[in-house]
Amino acid sequence: MRQLRLIERPAWKALVAHQRRVGRCHLREMFAADALRGERMVAEGADLYLDYSKNRVTDETMALLQQLARECGVAGRIEAMFSGESINSTEQRAALHVALRAPPGERIVSGGADVVPQVQAVLARMASFAESVRSGAWRGHDGRTIRNIINIGIGGSDLGPVMLYEALRHYSRRDLHFGFVSNVDPADLAEATRGLDPGETLFIVCSKTFKTLETLTNAQAARAWCLAHFRDEAAVKRHFVAVSTNAQGVARFGIDPANIFGFWDWVGGRYSTDSAIGLSTMVAVGEEHFRAMLAGFHAMDQHFRHAPAQHNLPLLMALLAVWNTNFLGVESVAVLPYAHYLKRFPAYLQQLTMESNGKHVTRAGAPVGVATAPIYWGEPGTNGQHSFYQLLHQGTRLVACDLIAFCQQLDPPGDQHDMLMANLLAQTEALAFGSVSDPQQPWRDCAGNRPTSTILAPRLTPHTLGQLIALYEHSVFVQGVIWDIDSFDQWGVELGKVLAQRIIAELAPHEAAPVLSHDSSTNNLIRRYREQRTQRQA
């Protein structure tokens, strides 16, 4: 029997008709008609509180979206993921990041084996290594303690560690310096190592295959920087460790096989923050805080798996995203954390959402037929208020907003936190209800009716950070289920890599210029670059 396309499902058709009736309703009218709307359209999970009342939805909207989730088999797909089934269909493997934060004793089977003991074994090795660096027991080649830790990676192997470090900097060891290198532009590594002493510097090279071009290029450059100081290949073993599954490649680099921290093919890069990819984070904050973060992930996992649909935070956020994207025409989502420590969280979510759901065909290979992942972007409040909020309030594009905040501050003074929260609350009110000014001054009008979701937590701790990340992971997954796409592959990333490998050879110095067979634009740009490079070197 042929599977119904998304637009053929009864709930989808009902939502189309429903949108025609309520799509032009203003939030002013919705709140005026329901005095308790702001208290009803909320949900809690673990330590997170979601207020979605300022989205342009009614009770009927939410009921129809829940019906759509049932018709798309969301509940079954959730169980398939937690059960270790090969839900990453195009790569024929599981997407089992939930196992990375499962507590000891929990059983999760993939490929016929319980993977939890494997995960716990790696965590134990990470903890031992992190403590050796933090305590000073780990010594460099000349016997000195390590003071600088540089993470080398790209994609999830960089965005995750950077985000975690910045988010948990309050809990980090202040006598240790942490740097992050991802861009193959040599300036990135040069700036990260500027002023550092190689004898006190440790590099963590993060690459699942140990073949990622950018990461390996930067790692080799870091190796050369280190050996220019020591002039002894044996130094590599004391100043480099690796997070990888390619033991042979790591050994060829010169890293001691005892200092390889592995993970598994069922861990996607953008879902790997809580794997060994988070090694730099554990060094920064210690085992206790890292495990608290894992417990936060797990708390949201359990909420997602077991909470009733009408109270399920990731499910609700996913359904709102589908409504905003497919029925209200939202093309982008601004993530606005009112917390300085979350300044890299929007960039982290860019990869999580856009690499996961930036797809145009279904799992069966047919055109999706509807818009999928919106563009995610953002900056912390209140900085953004003096930058792009003008467009949010008065621009011609409808942008949905997620505002994230914490009720308790981490740092003094206290009155500034009240000011921060006042700004967040004011912005949600202004975006929802706008203002109407003198008709003779229309440039002052703010139309309002801009959809926002507000996420509150008591305090930014490792535990709540884990919950927040898992919240978005699962929301992205549910959106992918509804759109019937594979949220765990990223074939669109591969094409550029293949072409770059070919062009690298054409840019290398030759006695005679290579024959170019690209399009006329690319050929001309290659020739221009080669000409300019030669002039610079001369």
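In this predicted model, helix α7 (residues 156-167) and helix α15 (residues 345-357) have axes that come within 9 Å and cross at roughly 150°. Angles over 145 degrees count as roughly antiparallel, and α7 and α15 are therefore roughly antiparallel to each other. The crossing in which α7 passes α15 is left-handed. On the side of α7, the contact is formed by Gly156, Leu159, Gly160 and Met163, while α15 contributes Phe345, Ala347, Tyr348 and Gln351. By class, five residues of this contact are nonpolar, three are polar and none is charged.

A second pair of helices can be described in the same terms. Helix α13 (residues 287-306) packs against α18 at an angle of about 40°, and their axes are 7 Å apart. This angle makes α13 oblique to α18. The crossing of these two helices is right-handed. From α13, the residues that meet α18 include His289, Ala292, Met293, Phe297, Met300 and Phe304. Among their counterparts in α18 are Pro462, Leu465, Ile469, Leu471, Phe477 and Val478. The contact of α13 with α18 comprises 14 nonpolar, six polar and two charged residues.

Rolling a probe the size of a water molecule over the atoms shows where empty space is left. Across the whole structure, a search finds four cavities of 30 Å³ or more. The largest cavity holds about 170 Å³ of space. It is lined by 18 residues, and those closest to its centre are Met317, Ala321, Val333, Tyr376 and Asp402. At least two residues of this lining come from each of α14 (313-326), β12 (399-406) and α18 (462-483). Ten residues of the lining are nonpolar, seven are polar and one is charged.

The second largest cavity contains about 40 Å³ of space. Its lining consists of Leu100, Val119, Val122, Leu123, Met126, Trp264, Asp274, Ser275 and Ala276. Seven of these residues are nonpolar, one is polar and one is charged.

The largest pocket has a volume of about 1000 Å³. Its lining is made up of 43 residues, and Thr212, Gln490, Val493, Glu494 and Lys497 lie nearest its centre. Two or more residues of the lining are given by each of α7, α9 (213-230), α15 and α19 (494-507). Helix α19 gives the most to the lining, with six residues. The lining divides into 18 nonpolar, 15 polar and ten charged residues.

In the second largest pocket there is about 510 Å³ of space. Of its 20 lining residues, Tyr338, Ala339, His340, His417 and Leu420 are the closest to the centre. Helix α17 (residues 414-433) gives the most to this lining, with four residues. By class, the lining of the second largest pocket has eleven nonpolar, eight polar and one charged residues.

How values were computed: Residues numbered from 1 in each chain as written. Predicted model: local features only at pLDDT ≥ 70, side-chain atom pairs only at ≥ 80, totals over all residues. Heavy atoms only, no water. 1 Å grid on protein atoms, 1.4 Å probe; cavity = no way out; pocket = protein on both sides within 12 Å on 5 of 7 lines; lining within 4 Å. Points joined across faces, edges and corners; volume = space filled by probe spheres on them. Nonpolar A, V, L, I, M, F, W, Y, C, P; charged D, E, K, R; others polar. Axes fitted to C-alpha atoms, helices over the stretch in contact; angles between N-to-C directions. Parallel < 35°, antiparallel > 145°, perpendicular 65-115°, else oblique. Left-handed = near helix turned anticlockwise from the far one by under 90°. Contact = heavy atoms within 4.5 Å.
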